[in-house]
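Me: I would like to go through the ligand site in this model. Could we begin with the contacts?

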Amino acid sequence: MNFDWDALVTAAKGAMKNAYAPYSKFPVGAAARVADGRFVTGCNVENAAYGVALCAECGLISQLVLSGGGRLTHFACVNGAGEVLMPCGRCRQLLWEHGGPDLEVLTTHGVKRMDEVLPDAFGADDLH
Ligand code: THU
């Protein structure tokens, strides 16, 4: 499939504009395509209690579940300059849960599969 990554990055930039990041001053926006074709987005939301900040990916996953769930197929996130950003370690785990090994991720080194971005992942299969 010839995926339109530019459209996904544009959606991530749009989400980034809504970030609440007064402490780090590091706004982040994330966007993903769902298997049924819809897009979900998220932005980071910080807190005066620094440790409870929500990454952009947290909002994205909440929107995914709230809007009916489904499998993520493509993902990208950007910083305040609109540059592609790698998802943090914790958020890679969130992405794994809802995208699995086949999720395509736009990274700073091109498009990679999720099982390259989070090798040897722990997941639902390990629970049984
Ligand atoms: N951040 C994200 O939103 N996603 C990531 O994958 C990396 C980090 C946010 C958390 C915090 O609000 C700011 O970036 C600086 O770490």
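Reply: In this predicted model, a polar backbone atom of Ala56 lies 2.8 Å from an oxygen atom of the ligand.

Me: And Cys88, how far is its backbone N or O atom from an oxygen atom of the ligand?

Reply: The distance is 2.8 Å, from a backbone N or O atom of Cys88 to a ligand oxygen.

Me: Which part of Asn44 has an N or O atom 2.9 Å from a ligand oxygen?

Reply: The side chain of Asn44 provides that atom.

Me: How much of the ligand's accessible area does the protein cover?

Reply: On its own the ligand has 380 Å² of accessible area, and the protein covers 78% of that.

Me: Which residues are around the ligand?

Reply: They are Ser24, Phe26, Val28, Asn44, Glu46, Cys55, Ala56, Glu57, Met86, Pro87 and Cys88. By class, this shell has 7 nonpolar, 2 polar and 2 charged residues.

Me: Which lining residues are closest to the centre of the largest pocket?

Reply: Val28, Asn44, Cys55, Ala56 and Glu57 are the closest, out of 14 residues that line the pocket.

Me: What is the make-up of the lining by class?

Reply: The lining of the largest pocket has 11 nonpolar residues, 1 polar residue and 2 charged residues.

Technical notes. Residues are numbered from 1 along each chain as its sequence is written. This is a predicted model: local features need pLDDT of at least 70, side-chain atom pairs count only at pLDDT 80 or more; totals for chains, interfaces and linings use all residues. Side-chain values use heavy atoms; hydrogens and water are left out. A residue is near a molecule or strand if one of its heavy atoms lies within 4 Å of it. A polar contact is a pair of N or O atoms within 3.5 Å; within protein, one must be able to donate a hydrogen and the other to accept it, and residues adjacent in sequence count only if both atoms are side-chain atoms. Accessible areas come from the Shrake-Rupley method with a 1.4 Å probe; for residues, only the protein chains shown count as cover. Ala, Val, Leu, Ile, Met, Phe, Trp, Tyr, Cys and Pro count as nonpolar, Asp, Glu, Lys and Arg as charged, and the others, Gly among them, as polar. On a 1 Å grid over the protein atoms alone, a cavity is a set of points where a 1.4 Å probe fits but cannot get out, and a pocket is an open set with protein on both sides within 12 Å along at least five of seven lines; lining residues have an atom within 4 Å of a point.
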